[in-house]
Amino acid sequence: MTFSSRPVLSGLLLAAAGAIAFSGKAIIVKLSYRYGVDAVTVVMLRMLIALPFFMGLGLWAERQAHAKANPLTRRDVLSIMALGFVGYYLSSFLDFLGLQYITASLERLILYLNPTMVVVLGWLFFKKPIQPLRMWAMALSYSGVLLVFSHELTVAGTDVVLGGSLVLASALTYAMYLIYSGQLVQRIGSMRLVGWATSVACVCCIAQFLLLRPLSAADVPHEVLWLAALNAIACTVAPVLMVMMAIERIGAALTAQTGMIGPMATITLGVLVLDEPLNAWIGVGTLLVLGGVFVVSKYGAK
């Protein structure tokens, strides 16, 4: 192996590991629900454990040369708070709510539509044209989700509509975060934005629990606490860092394409850990979603 190829290999490994780690979040959440806890409690525990790590990331980023040369303004702080609320708090909470009603496999396929939503929002808000190739690719992806959704609807009933809508709203709010964070990232840096925006989201999740639930609701089985710790560290903090490191080595486009392993990992874990079904509907739907997103990511701009 040549010296120049090592960063590429390490970047690909980091991107793949980050995608797999992210995919485990839905599995852990579904396991937590088996102990009788609700979404408000589960997301609070996850963010409570993750908060010190993200605050540490924000403080570390503030000590870097780029941050010292670009101190945060009042407008920056307000933008970070808004993006943290929409892109991490609201998106996470809607996702956790939706997982109460649908399988982890369908949840991951819906969330994976995120790049197509970014394209649509760019067209709606900034008048960015959508090339015909992207239109066909997006139609392919959405047809895959609809295929899996319709099959799950016949099996699980109308709760799938509610769960799917919540997860779709989660993907949409995160797409809005991506759309509006672009200019801010260039000014203050990605690590800095992620550290403080996720810290804002953590505080929102904790405040939500304190407002909606008695403190006694935090007295959960110790299995739930272990799952929350695993979710916070292995499926939240670690993949954020791994994806950022991968982007530094191989760029955002290749990192996103490597992340296509994520839905496959979720489906595999869902079958092995949660005993979720694996059938032709899920297989075909997954291939359609992955194929469409791949085209949007790699060839859409041409």
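**Aromatic pairs**

Tutor: Tyr174 is partly exposed, with a relative accessible area of 27%; partly exposed lies between buried, under 20%, and exposed, over 50% (1.4 Å probe, protein chains only). This is a predicted model, where local features need pLDDT of at least 70, side-chain atom pairs count only at pLDDT 80 or more, and totals for chains, interfaces and linings use all residues. Residues are numbered from 1 along each chain as its sequence is written, and side-chain values use heavy atoms, with hydrogens and water left out.

Student: Is Tyr88 buried or exposed?
Tutor: Tyr88 is buried, at 14% relative accessible area.

Student: How are the rings of Tyr88 and Tyr174 arranged?
Tutor: Their centres are 6.1 Å apart and their planes at 75 degrees, so the pair is edge-to-face. Rings of Phe, Tyr and Trp (its six-membered ring) pair if their centres lie within 6.5 Å; planes under 30 degrees apart are stacked, over 60 edge-to-face, the rest tilted.

Student: Which helices do Tyr88 and Tyr174 lie in?
Tutor: Tyr88 is in helix 4 and Tyr174 in helix 8 (residues 159-188), so the pair ties together parts 86 residues apart in sequence. Helices are DSSP runs (H or I, at least four residues), numbered from the N terminus.

Student: New topic. How many aromatic pairs are there?
Tutor: The count is six. One of them is Phe85 with Tyr89, a tilted pair at 5.0 Å centre to centre and 45 degrees between the planes.

Student: Where do Phe85 and Tyr89 lie?
Tutor: Both are in helix 4 (residues 74-98), four residues apart, about one turn of the helix. Phe85 is partly exposed at 37%, while Tyr89 is buried at 10%.

Student: Which residues form a cluster with Phe85?
Tutor: Tyr89 and Phe93 form one aromatic cluster with Phe85.

Definitions and conventions. Helix = DSSP H or I, 4+ residues; strand = E, 2+ residues; numbered from the N terminus.
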